[in-house]
Amino acid sequence: MASLHSTELHVTADPGPLAEEQPLPVALRRTSFLTRVLCFLALGRPDLEDHWKSLQSERAFETVRTRLCSILASTITTAGVLLAISGVFVTTGSPVPYFDYTSPAPHCLLFISLMLAMIALLTSGSSMIRWVHTDRHWTQEQLKPGSYFVLSYLLSIVTPMFFVASSLHCFMFAMLIAGFSSKSMICRAVTAVWMLTYVVNIGTILMVTMWKYAYKSRSR
C-alpha cells in the first residue's frame, strides 16, 4: 500500500520535465516572398515566428488548431452553399426572359464555379481531418526542414480559401454578364449598381489587406 501510494503521488505531482522552448530554425528565418505571402494569408503574419512559438505549448497549439478548424469549417459551409446555388443555376433555366443565364458565357462560368466549389469542399474537408488528428510535435518536425515542407503546410490552409474565392468570383461574373446582356434597362441598371458595390468591397478588402501586410512586415 505504501509503495502504491508513493507511485500515485509521483505521477500527479511530477508530470515530467517541461521541454525548453526551441528557437526558430534557420530554414524558417529566411523565406521567399511567396512564402511570406502564404504565411500572411494562412496565419495572419508574414513570418513563422509567432506560429513557431505557438508550437511550444499544448495550450497555445490548441488555440491555433481551434482557430484554423473554425476557418476551415466556415470554408466548408461557404463551399456547400456555392455548390448548391451553382448546381441550381446550371441545371435549371431562367424563370424570366429578361435575365438569361443559360447563354454560353454565363453557363460556362457557372459550371466552373460548380467545379471549384466541389474542389473547395474536398480540400477543406481533407485539411480539417488533418488538423483534427495532428499534434504539435509532428507539426514541428514537418516545419523544421523548411522549403517544400513549409509550402505544402501553408497551402493546405490557403488552398481551400482560394478555391472558394475563385468559385464565388466565377458565379459573380456569370451573373454580371447575364445582367448586362439583358434587354431590360432596369436589369442592366441593377447589375451596374451591383457591380459597383462588388468593386468597392473588393477594393476595400485588398487595400486593408495590403496595408496590414506592409504594417506587419515593418514591425518584424
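A word on the ground rules comes first. Residues are numbered from 1 along each chain as its sequence is written, and side-chain values use heavy atoms, with hydrogens and water left out. Since the model is predicted, local features need pLDDT of at least 70 and side-chain atom pairs count only at pLDDT 80 or more, while totals for chains, interfaces and linings use all residues.

The protein has eight helices and zero strands, where helices (H or I, at least four residues) and strands (E, at least two) are DSSP runs, numbered from the N terminus. Read from the N terminus, then, the elements simply go α-α-α-α-α-α-α-α. Of the 220 residues, 35% are buried; buried means under 20% relative accessible area, exposed over 50%, and partly exposed in between, using a 1.4 Å probe and protein chains only.

Two packed helices are described by the angle between their axes and the distance between the axes. The axes are lines fitted to C-alpha atoms, for helices over the stretch in contact, and angles run from 0 to 180 degrees between N-to-C directions. Angles under 35 degrees count as roughly parallel, over 145 as roughly antiparallel, 65 to 115 as roughly perpendicular and the rest as oblique.

Helix 2 (residues 33–43) packs on helix 7 (residues 148–180) at about 50°, and their axes are 9 Å apart. That angle makes helix 2 oblique to helix 7. The crossing of this pair is left-handed, a label used if the near helix is turned anticlockwise from the far one by less than a right angle (right-handed if clockwise). Helix 2 brings Leu34, Thr35, Leu38, Cys39, Leu41, Ala42 and Leu43 to the contact, and helix 7 brings Val150, Leu151, Leu154, Leu155, Ile157, Val158 and Met161. Sorted by class, that gives 13 nonpolar residues, one polar and no charged. Here Ala, Val, Leu, Ile, Met, Phe, Trp, Tyr, Cys and Pro count as nonpolar, Asp, Glu, Lys and Arg as charged, and the others, Gly among them, as polar.

Helix 4 also packs against helix 7: their axes come within 10 Å and cross at roughly 30°. The two are therefore roughly parallel to each other, and their crossing is left-handed. The classes here are 14 nonpolar, four polar and no charged.

Helix 5 and helix 7 pack at an angle of about 160°, with axes 8 Å apart. That makes helix 5 roughly antiparallel to helix 7. Their crossing is left-handed, and the contact has 22 nonpolar, eight polar and one charged residues.

Ala117 sits in helix 5 and is buried, with a relative accessible area of 0%. Beyond its neighbours within four places in sequence, Ala117 touches Ala79, Leu82, Leu83 and Ser167. Its C-alpha atom is 8.7 Å from that of Val81, which is 36 residues away along the chain.

Thr102 lies in the loop between helix 4 (58–91) and helix 5 and is partly exposed, at 38% relative accessible area. The side chain of Thr102 makes a polar contact with that of Asp100 at 2.4 Å. Such a contact is a pair of N or O atoms within 3.5 Å; within protein, one must be able to donate a hydrogen and the other to accept it, and residues adjacent in sequence count only if both atoms are side-chain atoms. Thr134, in the loop between helix 5 (104–133) and helix 6 (136–143), counts as buried at 9% relative accessibility. Setting aside neighbours within four places in sequence, Thr134 is in contact with Phe61, Arg65 and Thr139.

Finally, Gln56 occupies the loop between helix 3 (49–54) and helix 4. Gln56 is buried, with a relative accessible area of 16%, and a polar atom of its side chain lies 3.0 Å from the backbone oxygen of Trp52.

Note on methods:
Contact = heavy atoms within 4.5 Å.
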